[in-house]
Amino acid sequence: MRRGKLPGLKDHLETLRQRGALREIPVPVSTHLEMAELAHRALSGDCAGQALLLQPEEPSGFRVVMNLYSSRERMLELLRASSYQEVAQRLEGLMGAGRTPRTTLRQRLEGLRMLVEIGRYLPKKHRGSVPAQEVVMPQPDLGQLPILQTWPHDGGRFITLPMVITRDPSTGVRNVGMYRMQVMDGQTTGMHWHTHKTGANHFRAYAARGERMPVVVALGGDPLLAYCASAPLPEGMDEWLLAGFLRREPVRLAKAKTCDLNIPAEADIIIEGYVDPAEPLHTEGPFGDHTGYYSLEDQYPRFHITCITHRRDALYPATVVGIPPMEDAHIAEATEQIFKPLLRESLTPELTDLWLPPMGVAHNLAIAAIRATYPGQGERIASLFWGAGQMMFTKYIVCVSSEVQVRNLPSVLEAIATGVKGRGQLLFSRGPMDVLDHAATSMGYGGKLLIDAQQGKSSGRAKLDWREHPQGRTLTVDGKALLHVLRSEAPFTPDALDDLLRASHELLGEYPLCLALVDPSAPTEHPDLLLWVLLGSTSPDRDVIVREHEDGVSLLVDGRAKRPEQSGRPWPNVVCSTQETIERVDQRWPSYLMGQFVESPSRRVKGYEWGEGAHADFGD
C-alpha cells in the first residue's frame with residue numbers, strides 16, 4: 001500500500017463489484033424496516049452471498065451497505081485466506097509466539113521470525129490527512145446518518161456494526177468491542193455492553209475513579225476491523241493487532257478530535273463522546289436480537305456525542321439479526337473454525353472437532369468430538385467449557401467420539417440414539433448464562449446439561465425418519481424413536497408427564513429418548529425451527545426431567561413459552577416482520593432488480609407470535 005493511501009469501505013465494495021459480489025439496489029429503500037426485510041431475503045436466492053448497496057428513502061447524504069459477511073466466501077475474502085484452517089494456523093503461531101519454549105536454534109530463529117512479523121503488523125501512527133476526519137459535522141447529529149430500525153417492536157433505531165473503542169484508565173490498554181447502540185436523540189445513544197464485556201469492565205473502573213469515560217465509535221473502513229471487534233480474544237490482546245496480522249497490513253491510527261483516544265484513520269464514520277458513570281442508567285431496548293427473540297428493556301449507560309466526522313464518500317454499514325440462520329451465522333462459523341485450535345491447545349488436546357449449530361445461536365448448543373482415553377472425559381470437557389471465556393454460556397453440550405462427524409446431523413443423532421442408555425450419560429449443572437438467554441431461570445444464571453454420547457456408534461448410514469402424528473411429530477433413527485414432539489398444553493408436573501410418557505409408549509411401541517412438549521402454534525413442520533424453539537425455550541434445571549424405565553431413560557422437556565409465573569420474568573416475543581412490511585417488499589420486489597422472488601423468512605413463524613409487541617402476550 002502506498003503511503004497515505006488508506007482504502008475505505010467504498011474501495012472494498014469496488015472489489016466486490018469486480019467479482020460480481022455486489023448488488024446495487026436502483027430504487028430508494030426505507031431504513032424503517034424495509035432495508036432489514038430486504039437484506040434478510042437477500043441471504044438466499046439470486047443475491048445469496050452478495051453485499052447490498054442501498055440508497056435510503058429518507059433524506060441522508062450516506063448510502064447503506066448490508067450483507068458484508070453473508071457467506072463463507074465473503075468471510076474468507078475479508079480474512080485474506082483460502083480456508084479457515086489457513087487462518088487458524090497463522091493465529092496459532094501468533095498466540096504461541098511468546099509462550100512456546102524455544103530450546104533449539106531453529107526453534108529460536110522461528111520464534112524470532114514470528115515476533116518480527118508481529119512487529120510489522122502492530123498498529124501504526126497515521127501520517128498526513130486523516131480520511132475519517134475529512135468532514136467534521138458543525139453540530140453532531142445522528143439524524144444525518146441512515147440508522148436502521150430492523151424489527152417492528154424495537155425501541156427505535158440502532159447502530160448495529162459499531163466498533164466501540166475504550167481504554168483501561170489504569171493500564172492504558174485499549175479494547176475494541178461491538179455493542180449495539182440505540183439512538184435516544186441526535187446526540188445520545190444507549191451503550192449496550194453486557195456486564196461480562198471488557199467495555200463494561202472499563203466503565204466500572206472509571207466509575208471507581210469518579211471520572212468520565214472517553215469513548216469513540218468507528219463505522220466502516222475495512223470490514224475485517226468490525227469482525228475483529230467481535231472476536232473472542234484473550235483479555236488484553238489488541239483487536240487492531242489481530243486485524244493487521246490477518247490482512248498483513250497494520251491499522252493506521254490517528255487522534256480523535258475531542259478526546260484522548262486513537263481512531264482507525266481508514267474508518268468511514270467516527271462518533272466521539274463520553275459515558276458518565278455518575279449518571280443514572282437509562283432504559284434501553286427492546287431489540288430484535290440474534291436469539292430470534294426480542295431482548296427486552298434493561299438499564300444501560302448513555303453515550304453522549306461530542307463530535308462526528310466522516311469521509312467525503314462515507315458509507316454506512318449495517319446488519320440485521322434475528323431467527324437463525326442469518327448473516328451473523330457466517331461470522332460465528334468463521335470464529336468457531338478459526339479459534340477452535342486455540343481452544344484445543346489452551347483447554348483440552350483431546351478435542352478433535354467442535355460445532356456450534358446456527359440454530360443454537362452460538363451459546364445454546366455445542367457438539368464436541370473427543371478422543372476418549374479415560375472415564376469421565378465427557379464431564380471434564382463440560383467442566384472446561386463451562387469455565388472458559390464465552391464458552392461458559394453454553395447451555396447444552398453433546399459429547400461424541402472422534403469418529404463422529406459433528407457437522408453431519410445423521411451421524412450425531414445416531415451417536416445419541418445408540419449411546420445414551422441411562423442417567424449416567426447425563427450431567428446437570430448451573431452457572432453463568434448469556435444475558436440474552438431469556439429462558440434462564442434468572443437473568444445471567446441458569447441450568448446446563450451435558451449429554452455424553454461417546455459410546456454411541458456412527459455408521460454413517462443411519463436412516464432418519466421425520467413423521468407426523470396427530471399431536472406433533474416423531475424423529476426416528478434406524479427405526480428407534482429419538483424425539484417425540486407433542487403439541488400440548490398439559491401441565492409440566494410429574495403425574496401429567498408420566499401419563500404422556502405412557503401414551504407415547506402406546507403410540508410408538510417404545511419409549512422415546514426425548515419427549516418434548518411444544519406450544520400448539522410451534523413450527524414443528526420445520527426441523528431447524530423446532531430445534532431453535534426447544535433450545536431457546538428451555539433451562540435444563542427447570543425444563544428437563546429424567547425418567548428411568550425398563551428400556552433405559554427418557555428426557556421430558558418443556559419446550560414451551562413460559563408465563564411470568566413460571567419463569568419469574570417477562571417472556572419475549574419472537575422476532576418477525578409485520579404483514580405490512582412483508583407486503584410492501586413483495587410489491588416492490590421487481591423494482592429492486594434482485595432476481596427471482598424470495599419469500600419472506602418471517603412467514604415461517606408468523607403463527608408463532610404471541611400477540612403484538614416485544615413482550616409475549618399470552619392473553620390469559
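This is a predicted model: local features need pLDDT of at least 70, side-chain atom pairs count only at pLDDT 80 or more; totals for chains, interfaces and linings use all residues.

Tutor: Start at Ser295, which sits in strand β17, a stretch covering residues 294–295. Its relative accessibility is 10%, and because buried means under 20%, Ser295 counts as buried. Who surrounds this residue? Apart from neighbours within four places in sequence, Ser295 touches Arg180, Pro286, Phe287, Asp289 and Leu436. With one of these, Arg180, there is also a polar contact between the side chains, at 2.9 Å.

Now step back to the whole chain, which is divided into domain 1 (73–98 + 107–318) and domain 2 (327–567). Their C-alpha centres are 34 Å apart. Where they meet, 25 residues of domain 1 are in contact with 24 residues of domain 2. Together the two domains bury about 2200 Å², and 71% of that lies on carbon and sulfur atoms. Three residues, Tyr84, His290 and Tyr293, provide 27% of the area domain 1 buries against domain 2, more than any other three.

What kinds of links cross this interface? The rule finds three residue pairs in polar contact, but zero salt bridges. On the side of domain 1 that touches domain 2, the elements giving two or more residues are α3 (72–79), α4 (84–96), α7 (223–230) and β18 (298–300). Of these, α4 gives the most, with six residues. Sorted by type, the residues on that side are 13 nonpolar, eight polar and four charged.

Key:
Residues are numbered from 1 along each chain as its sequence is written. Side-chain values use heavy atoms; hydrogens and water are left out. Helices (H or I, at least four residues) and strands (E, at least two) are DSSP runs, numbered from the N terminus. Buried means under 20% relative accessible area, exposed over 50%, partly exposed in between (1.4 Å probe, protein chains only). A polar contact is a pair of N or O atoms within 3.5 Å; within protein, one must be able to donate a hydrogen and the other to accept it, and residues adjacent in sequence count only if both atoms are side-chain atoms. Contact means heavy atoms within 4.5 Å. Domain bounds come from an automatic or database domain assignment. Buried area is the accessible area (1.4 Å probe) that two parts lose on being put together, summed over both. A salt bridge is a side-chain nitrogen of Lys or Arg within 4 Å of a carboxyl oxygen of Asp or Glu. Ala, Val, Leu, Ile, Met, Phe, Trp, Tyr, Cys and Pro count as nonpolar, Asp, Glu, Lys and Arg as charged, and the others, Gly among them, as polar.
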